[in-house]
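Here is a briefing on a single model, arranged by topic. Please keep the structure open while reading.

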Amino acid sequence: MTNLYWLDKIQPSDRDAVGEKAFYLSCLLAQNHPAVPGFVVPATTFSQFLESIDWLEPLLADWPHSSLHLNVDEPRQLQSIARSIRHQILTAKLPDALLSSLESAVGALNSQALIFRPSLTSWNPKTAGILESHAVRAEPEAIEAGLKRAWAELFRARSLFYWQRCGMKIQQINPAVLVQPLAAAIAAGEVKTNCGAAWEIQATSGLGLSLARGETIPDYYQVQPETGAVNFQRLGYKTLAYNLKTGEGKPKKKPLLGNWESRKITNSTLLIPDFAGSCVELLTLGEKWQSEYVLEESQLQKLIELSQKVIAEFDCNVILEWTLNHTANSSEPQFYFTQLRLLPREQVAPSLEKAIAQIRTPAILKGLGAASGKAEAIAQVMTNSHPENADFLAGGILVARTIDPNWLPWLKVAAGIVAEQGGMTGHGAILARELGIPAVVGVVGATRAIASGDVVLVDGDSGEVFALAPHPAIDTADSNPLQETPNNADNYSTAAKMSIANYQSSTSERSSNPASKPRRAESLESVWGAPTATQLLVNVSQTSSIDRLRNLPIDGIGLLRSELMALEALDCQNPKIWLQDGRQSEFVDRMADCLSLFAAAVAPRPIFYRSLDLRESGADGSFGDTFEPELFDWELSVLQKVCESGHTNINLILPFMRSVDEFVYCHQRLETILKNRPDQFQMWIMAEVPSVLFLLPDYVKAGVQGISIGTNDLTQFLLGIHRKSQKVGAGFNGRDRAVMRAIEQLIRQARAAGIPCSICGDAPALYPEIVESLVRWGISSISVNVDTTEQTYRAIARAEQRLLLDAARAIVKN
């Protein structure tokens, strides 16, 4: 139990016991390269620790016959098993002999802080990005917690999913944990070699954690391996940095991150797990960090020189991770290598190798995948917020700080979207999903890392943006394509024509491809199955979606977002502008024409028109009707005109109801203006303000005939987290217990009141596992975006089948 392996004493015969990570570091130390020392807790120690735990059921039991039998395709079960195993590991006590050995070894490291790096002893599967390291203070309780947390990394839900997908059995998981001293870092990064081509160097401020997590855009260099000359360099966008808490693991006479401005983020528990012994803090960096490279020129040359000596000893491509630290025995910062990874040499034809080196060199940008799909095209960085004052070329990748719904003309012809701000539930993301184009949002520094003319690959599934090399026909000295000069206008025009050609080609392929055309309702039903008792509705706003609706076996339109429909109908002008100009007649005609198209497409199935919700367009964060009663009257006139034209399937939903008095006012206006409405016409409200939880019976007495739960707003108001926030976006969770309990209460109250209850937010599509609960509680209908109708249907059908099976079993049992 007490056998530890010191890096400087590891032998080739120890390789299987300590794993590749520790073995190659030991090789660096043996050759006197500047590597961080440390020791390894081998896999045998982990096995012995597991045997010492008093499991309710042994972890290494035959899973198919145990309660720990894992089906990774069942998210709820996966999370439950992961929590159970991790809890057992984290709460168990380390054997005294092991703890004593650890404390003795840590004492020999002579450091105030440590980092525990878990890995598998086997070469495959790869664990980069799967297992996180843990930094702790060098204190007995923290040491114990650090080791157990490193072991527990193996049993996160994502890890269990990965092991099973790789074909690994639980008995094959043999972890080694590398323990090293941790010092406050000036900078960190990696050097990546590419045989026959330029090396790539990345550098960021502080510890390397921000780089590993994809939370910063590092400084980037391309280096000629033979001479060490820098062929290309690009300044990063370093807005945050991780480092040791003040006073831990660094000489007091040295500054933490130089003399530049930095500020501690006090509430960072969503980014840094807060537990006893944690020693890392998160800092935001001032403007000066964005304008200067983190490495001085002499430091960069020193790093290149040290890397050349290491790489000369390996006949393959490698990735060297490094850190730059102040040390107590040197007046100058010193480089240390923290990890060495060997990469298999790729067999690439010489003609292709040069092309790859020229084109696919820059780093990956990471964000949140907001609309699925992939697109590669010419980037156009847009800083002009007024579409009428600028041109966007069809087929380009739209790169911007934020996506404004008023940019609809650009979005309709874009091949993809990259935005620095926004979330899954923002209007820009919603439009992208409806238009069927990939979108990645929350990409820090995208408008600085990408220049107009760059070839960009957007992956809306993984949330990755590949900023490829500039197109050879484009001069990117000016990042704004709208300000062309005689020198670059022709080049940019050439690239634009290529982009448009690709766009037209891909559009043509989609329209001519039989697989992409709407299937007949009969064939869809045969593929999907029989109709469900729970109605399946869709959320739409653009008339371009109508062709996709005609032959879908849906029960109607559960949410027609009028504020987004108005963008198309009113030439992307805010409806308040039309109100100010007194253009009522034209407003009513245009809106009625659009609404009639949707009504005809799904007739006789119902359509629920949600009145204008202008909060994202600048209204005071509240329900627009109460501030602009005349505009609401105009909308009622729109409904009146559509009904008079013969459409009898129109219904109305009022958004953002905060009080019964607001509803009473709107109901009175309805009775006054929309007198000749169809008998089946219903007036609902959105249940998205938490006060509805307490006032629903009062709303029903006042005349509410149904509710539609808006999970996006309900979640942000219940949890106090803005739906567009990047800083705490991880906390925006539609499956949170408070949110789910609120949804259950609303469904049960609606059933008790005898009114229908629908749900139209993004939660059912983002978290299909909650559909079973919705069906069990008695939801009347579920409304989702068009692209997620099939997966939602299957979730509904599966949930209803389980309810029937449970009921049948209960009857048999009784």
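**Sheets, helices and cores**

The model is predicted: local features need pLDDT of at least 70, side-chain atom pairs count only at pLDDT 80 or more, and totals for chains, interfaces and linings use all residues. Residues are numbered from 1 along each chain as its sequence is written, and side-chain values use heavy atoms, with hydrogens and water left out.

Helices (H or I, at least four residues) and strands (E, at least two) are DSSP runs, numbered from the N terminus. Two strands pair if DSSP finds at least two bridges between them.

- Strand E8 (residues 219-223) runs antiparallel to E9, and 4 bridges join them.
- Tyrosine 221 has glutamine 233 in E9 as its bridge partner.
- Touching, or contact, means heavy atoms within 4.5 Å.
- Axes are lines fitted to C-alpha atoms, for helices over the stretch in contact, and angles run from 0 to 180 degrees between N-to-C directions.

**Valine 310**

- Helix H9 (residues 297-311) contains valine 310.
- Valine 310 is buried, with a relative accessible area of 1%. Buried means under 20% relative accessible area (1.4 Å probe, protein chains only).
- Not counting residues up to four places away in sequence, valine 310 touches Leu28, His33, Leu320 and Phe337.
- Valine 310 and asparagine 32 are 278 residues apart along the chain, yet their C-alpha atoms are separated by 9.9 Å.

**The five-stranded sheet**

- Another open sheet has 5 strands in the order E1-E2-E5-E3-E4, with antiparallel pairing.
- Its edge strands, E1 (5-6) and E4 (134-137), each pair on one side only.
- Strand E3 (residues 113-120) pairs with E4 in the antiparallel sense over 4 bridges.
- Alanine 113 stands opposite arginine 137 in E4.
- Helix H1 (residues 15-30) lies across E1, strand E2 (39-41), E3 and strand E5 (175-181), and runs at about 30° to E5.

**Nonpolar cores**

- The largest nonpolar core has 84 residues; Phe587, Leu595, Leu652, Ile707 and Ile743 touch the most other members. Such a core is a set of buried Ala, Val, Leu, Ile, Met, Phe, Trp, Tyr and Cys residues joined through side-chain atoms within 4.5 Å.
- Helix H19 (residues 584-602) gives the most to this core, with 10 residues.
- Apart from this core lies another, of 42 residues, including Leu7, Phe23, Ala176 and Phe314.

**Helix details**

- The axes of helix H17 (residues 562-569) and H19 come within 9 Å and cross at roughly 115°.
- The contact is made by Ser562, Met565, Ala566 and Ala569 of H17 and Arg590, Met591, Cys594, Leu595 and Phe598 of H19.
- In helix H6 (residues 157-165), Ala157, Ser159, Leu160 and Trp163 are buried.
- Just after H6, glycine 167 takes a positive phi of about 80°.

Note on methods
Buried < 20%, exposed > 50% of the residue type's maximum accessible area, 1.4 Å probe, protein only.
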